[in-house]
Amino acid sequence: MAHKINDSCIMCGACEPECPVQAISAGDDSYVIDATKCVDCVGFNDEPACVAVCPSDSIEKA
Ligand code: SF4
Ligand code: SF4
């Protein structure tokens, strides 16, 4: 479970405020998702909010 951000992240920051459980933060070369916090948006959104806003399709189901 949990989602993961890959190397194609352009660090636009759009995903961070969309996460209902504050699992996303800026890393050194990409934004990162804390796998211990990500709940795949279950109970919050029909689709993962971070995936929906990412302009570079950088977020995948881990
Ligand atoms: S899938 Fe949902 S809970 Fe997980 S990081 Fe993305 S926005 Fe946050
Ligand atoms: S929305 Fe996508 S490109 Fe933008 S910071 Fe998040 S993962 Fe990176």
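Q: How many nonpolar, polar and charged residues does the shell around ligand 1 have in this predicted model?
A: In this predicted model, the shell around ligand 1 has 10 nonpolar residues, 1 polar residue and 1 charged residue.

Q: Which residues around ligand 1 make up this shell?
A: The residues around ligand 1 are His3, Cys19, Pro20, Val21, Ile24, Ile33, Cys38, Val39, Asp40, Cys41, Pro48 and Cys50. Asp counts as charged, and Asp40 is listed around ligand 1.

Q: What makes a residue part of the surroundings of ligand 2, and which residues are they?
A: The cut-off is a heavy atom within 4 Å. Ligand 2 is surrounded by Ile5, Cys9, Ile10, Met11, Cys12, Gly13, Cys15, Tyr31, Cys54, Pro55, Ser56 and Ile59.

Q: By class, what does the shell around ligand 2 have?
A: The shell around ligand 2 has 10 nonpolar and 2 polar residues, and no charged residues.

Q: What makes the pair Lys61 and Asp40 a salt bridge?
A: The closest N and O atoms of Lys61 and Asp40 are 3.1 Å apart. The limit is 4 Å between a side-chain nitrogen of Lys or Arg and a carboxyl oxygen of Asp or Glu, so the pair qualifies. A search of the whole structure finds 1 salt bridge.

Q: Which parts of the chain does the pair of Lys61 and Asp40 link?
A: Lys61 belongs to strand 4 (residues 59-61), while Asp40 is in the loop between strand 3 (31-33) and helix 1 (49-53). The two residues are 21 residues apart, and the pair links distant parts of the chain.

Q: Why is Asp40 called buried?
A: Asp40 has a relative accessibility of 9%. Buried means under 20%, so Asp40 counts as buried.

Q: Why is Ser30 called buried, and where is its place?
A: Ser30 has 15% relative accessibility, which is under 20%, and therefore counts as buried. Its place is in the loop between strand 2 (24-26) and strand 3.

Q: Which residues does Ser30 touch, not counting residues up to four places away in sequence?
A: With those neighbours in sequence set aside, Ser30 touches Ile5, Asn6, Cys9 and Met11.

Q: Why is Met11 called partly exposed?
A: The relative accessible area of Met11 is 33%. Buried means under 20% and exposed over 50%, so a value in between makes Met11 partly exposed.

Q: What is phi of Met11, and where is Met11 found?
A: Met11 has a positive phi of about 55° although it is not a glycine. Met11 is found in the loop between strand 1 (3-5) and strand 2. Most residues other than glycine have a negative phi.

Q: Is Gln22 buried or exposed, and what is its phi?
A: Gln22 has 57% relative accessibility, which is over 50%, so Gln22 counts as exposed. Phi of Gln22 is near 50°, a positive value in a residue other than glycine. The place of Gln22 is in the loop between strand 1 and strand 2.

Q: How do you know that the radius of gyration agrees with a compact globule?
A: With 62 residues, a compact globule would have a radius of gyration near 11 Å, and the protein has 10 Å, which agrees. The C-alpha trace spans about 30 × 20 × 20 Å along its principal axes.

Q: What pattern does the protein follow along the sequence?
A: Read along the sequence, the pattern is β-β-β-α-β, with 1 helix and 4 strands.

Notes:
Residues are numbered from 1 along each chain as its sequence is written. Chains are lettered from A and ligands numbered from 1 in the order in which they are written. This is a predicted model: local features need pLDDT of at least 70, side-chain atom pairs count only at pLDDT 80 or more; totals for chains, interfaces and linings use all residues. Side-chain values use heavy atoms; hydrogens and water are left out. Buried means under 20% relative accessible area, exposed over 50%, partly exposed in between (1.4 Å probe, protein chains only). The radius of gyration is taken over C-alpha atoms; the globule rule is 2.2 Å times the number of residues to the power 0.38. Contact means heavy atoms within 4.5 Å.
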